[in-house]
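Subject: Structure handover

Hello,

Here is the structure I promised to pass on. Please open it first, then read my notes below.

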Amino acid sequence: MIKPLILKVAIPAVPFFQLFEYLAPENDANLQAGIRLEVPFGKTSKVAFLIATSFDSIFPFEKLKPIKRIIDDVPLLAEIDLKLLSWVANYYHHPIGEVMSAAFPVALRQGKDAIIKKLPKISESETKTTQLICNEAQQNAIDKISETLGEFNVFVLDGVTGSGKTEVYMQLIQTVLDRQQQVLVLVPEITLTPQLQQRFQARFSTHIAISHSKLTDLQRKNAWILMQSGVCSLLLGTRSALFTPLPNIGLIILDEEHDSSFKQQEGFRFSARDVAVMRGKLASVPVVLGSATPSLESLYNVFLTRYQHLRLPERAGNALPPLVEIIDVRRQKLQAGLSLKLLEEITATLAKKEQVLLFLNRRGFAPTLICDDCGWVARCVHCDANLVIHRHKNLLRCHHCGTEHRLISNCIACQSSALASLGLGTERLELILTHLFPEKKVIRLDRDSTSKKGALNDFLAQIHTGDAHIILGTQLLAKGHHFPNVTLVAILDVDSGLFSTDFHSGEKLAQLIVQVSGRSGREKKQGKVLLQTRQPTHPLLTELLREGYAKFAKSELAMREMAFLPPFSYQALLRAHSEKEDLPPVFLQSVVNLAQGLNLQAVQILGPIPAPMARRAGQYRFQLLFQHESRAVLHKLLRELMPQISTLNMRQKVRWSLDVDPVDLY
Ligand code: ADP
Ligand code: ZN
Ligand code: ZN
């Protein structure tokens with residue numbers, strides 16, 4: 001008997017680890033991995049991706065159904081793309097169908113044709129900016145990386161802010177474009193794409209495809225096809241652009257590689273940085289990881305000589321590094337969070353017609369509404385969190401679940417009208433600054449003020465034209481932006497970052513301080529950075545200021561080594577949550593029992609313990625941490641464990657997820 005051909009397919013958004021099997025249509029020889037098919041699924045049909053064909057099935061043939069339709073004549077994914085995706089599914093222990101979803105824009109997941117109606121026009125006439133003459137460090141970086149085009153190598157481009165990393169990227173990109181190859185450039189934040197796009201557009205006479213989650217389905221599909229078909233050579237995007245097929249890939253660049261936005265924090269929790277490195281390896285191309293504050297993982301890889309370290313120690317052109325000073329705010333009268341010294345510096349800077357940037361990582365008017373008579377505090381009923389006061393919108397809002405209430409004027413517990421706003425948020429700071437500096441234009445950049453389309457660009461334009469004098473904002477400000485006339489930068493509350501329980505917090509705070517400082521004095525004028533703290537002798541601050549980020553990173557790594565923490569060990573976090581408080585710990589305990597039956601006792605299992613925020617959006621949250629010094633041992637356990645978890649009876653009563661290499665233990 002002739003055996004029928006079996007099609008092994010992945011079905012997007014279906015949480016199964018294995019492939020599904022269907023019968024191939026008769027006499028169809030043109031079934032290559034990487035095409036899309038329409039298959040019957042329950043009572044409906046779904047778009048599926050062909051992963052492999054075979055003459056063997058684990059099921060009896062008569063049980064298999066034939067597919068409904070072949071969507072693509074030619075594969076949309078090349079073998080190398082499929083290889084990467086299956087590596088990723090394996091590494092993150094994530095269902096292949098969901099991983100495949102991440103690789104396709106929505107329109108293609110829905111089965112729409114993979115064709116593009118209008119090809120982009122490139123206006124050749126525009127005059128382009130020319131390459132700058134590089135300094136020695138820049139030239140060395142360009143030479144070292146150019147030498148290895150066509151081979152896999154990872155470079156950590158460790159350049160202080162303003163050292164001209166972007167110029168290095170652009171010269172490398174030009175070289176790769178000249179070789180008729182494609183380049184993938186990833187940035188951590190959507191807000192950083194426009195400025196890089198502008199700089200690229202001003203330099204290259206090639207179309208630049210853009211891909212991030214704020215674009216329409218059609219725009220994303222077009223960018224994807226332009227790259228996948230090889231029509232276009234330069235792709236700029238956020239982490240979701242990482243899986244775009246690039247048949248002629250020649251170089252991968254990740255800017256601000258330390259940024260935790262490269263790690264997806266829900267669903268399929270991949271690290272775009274780590275996957276980019278694997279992609280470079282499979283494709284035999286160099287990967288450039290750029291940052292002024294490289295992650296400890298990358299620096300450790302440098303130490304192990306897996307990655308090559310390229311330093312740009314000085315600011316490009318004639319820009320000087322900023323002067324950093326600590327302001328001890330103990331026993332000082334602060335005016336709305338601002339010390340006298342800081343107020344004087346702000347006044348002096350404005351008098352010189354230069355701009356001031358104030359950093360406060362807290363949105364809203366104030367973080368707490370408290371009753372002065374009875375002590376009642378406005379809490380979220382769904383989360384272990386206070387409601388934040390948003391005066392502009394007249395709301396109390398939970399920043400964890402989005403719950404909103406009308407702002408009240410009487411205490412809920414005692415009806416007293418003596419309600420006080422405790423603490424300082426950006427909205428309040430804005431109000432106070434407009435009072436203190438009535439002649440000056442104050443602008444606030446945070447998620448609330450920039451939620452309208454185009455708002456951020458308007459603000460950025462006001463900063464560049466000099467219309468804005470004082471710029472205040474949250475971490476939106478910390479990243480990548482280039483503000484030439486800002487000469488004073490202040491971080492109002494450094495201390496909130498010093499006392500977190502997450503072992504990543506020291507690294508994150510140091511990166512934040514250096515990055516925010518980097519916004520100061522980027523051109524001719526020397527900048528100044530002021531840090532307000534009640535911990536002026538905290539070793540993190542003193543070491544960072546005295547010896548710089550590299551030295552800080554070294555001692556932080558030494559501490560991680562002593563404590564057996566990553567990158568000296570590997571972790572995976574199993575999270576579980578439910579509306580019922582007792583279920584998640586019971587579920588996680590049965591996972592512990594399963595794990596103990598697997599004879600891999602060497603893997604440390606911590607928990608079940610409540611998550612740092614034990615209740616969020618009405619869900620009780622618990623977690624289990626797996627840790628081992630060998631990645632292979634940890635993953636062996638996970639590989640055996642995951643299919644068994646799927647058979648636990650309780651799995652349907654709790655929601656659970658696995659986070660491999662977690663960056664936020666929240
Ligand atoms: P980074 O990306 O490292 O923060 P940029 O590439 O944005 O730095 O460069 C900072 C500034 O220095 C920019 O205005 C850029 O045009 C300028 N610059 C970069 N390289 C040079 C160079 N070799 N000579 C003069 N100016 C340079
Ligand atoms: Zn009260
Ligand atoms: Zn809430």
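Start with Asn394, which is partly exposed at 37% relative accessibility. Please keep in mind that this is a predicted model. Asn394 sits in the loop between strand 16 and strand 17. Its phi is positive, about 60 degrees, although Asn394 is not a glycine.

Ala336 is another such case. It is not a glycine, yet its phi is positive at about 50 degrees. Look for Ala336 in the loop between strand 13 (323-328) and helix 10 (340-351). Its relative accessibility is 22%, and the cut-off for buried is under 20%, so Ala336 counts as partly exposed.

Now the whole chain. The protein chain has 17 helices and 27 strands. Its radius of gyration is 27 Å, close to the 26 Å that the globule rule gives for 666 residues, so the chain is as compact as a globular protein of that length. The C-alpha trace spans about 90 × 65 × 50 Å along its principal axes. Of the 666 residues, 52% are buried. The accessible surface of the chain is about 31,000 Å². Carbon and sulfur atoms account for 52% of that surface.

- Domain 1 covers 6-108.
- Domain 2 covers 136-312.
- Domain 3 comes in two pieces, 323-362 and 425-562.
- Domain 4 covers 368-422.
- Domain 5 covers 570-660.

The centres of domain 3 and domain 5, taken over C-alpha atoms, are 39 Å apart.

Next, the zinc sites. Which residues hold the zinc ion (ligand 2) through their SG atoms? The protein donors are Cys371, Cys374, Cys411 and Cys414, at 2.3 to 2.4 Å from the ion. Their spacing along the chain is C-x2-C-x36-C-x2-C. The site is tetrahedral, with angles of 106 to 112 degrees among the 4 donor atoms. Ideal tetrahedral angles for four donors are 109.5 degrees. Is Cys371 buried or exposed? It counts as buried, at 2% relative accessibility. Cys374 counts as partly exposed, at 41%.

The zinc ion (ligand 3) has its own set of cysteines. Cys380, Cys383, Cys398 and Cys401 donate through SG, 2.2 to 2.3 Å from the ion. The angles among these 4 donor atoms run from 106 to 113 degrees, and the site is tetrahedral. The donor residues are spaced C-x2-C-x14-C-x2-C. Cys380 lies in the loop between strand 15 (368-371) and strand 16 (388-390), and Cys401 in the loop between strand 17 (395-397) and strand 18 (404-406), so the pair ties together parts that are 21 residues apart in sequence. Cys380 is buried, with a relative accessible area of 4%. Cys401 is partly exposed, with 27%.

Last, the cis peptide bonds. One runs from Pro566 to Pro567, with omega near 10 degrees. Pro567 is in the loop between helix 15 (549-562) and strand 24 (570-578). Another cis bond runs from Gly607 to Pro608, with omega near 5 degrees. Pro608 lies in strand 25, residues 604-616.

Best wishes

Note on methods. Residues numbered from 1 in each chain as written. Chains lettered and ligands numbered in written order. Predicted model: local features only at pLDDT ≥ 70, side-chain atom pairs only at ≥ 80, totals over all residues. Heavy atoms only, no water. Donors = N, O, S within 2.8 Å, 3.2 Å for Na, K, Ca; no water. Tetrahedral: all angles 85-135°; square planar, octahedral: opposite > 155°, others 65-115°. Buried < 20%, exposed > 50% of the residue type's maximum accessible area, 1.4 Å probe, protein only. Helix = DSSP H or I, 4+ residues; strand = E, 2+ residues; numbered from the N terminus. Rg over C-alpha atoms; globule rule 2.2 N^0.38 Å. Areas by Shrake-Rupley, 256 points an atom, 1.4 Å probe, with all protein chains shown as cover. Domains from an automatic or database assignment.
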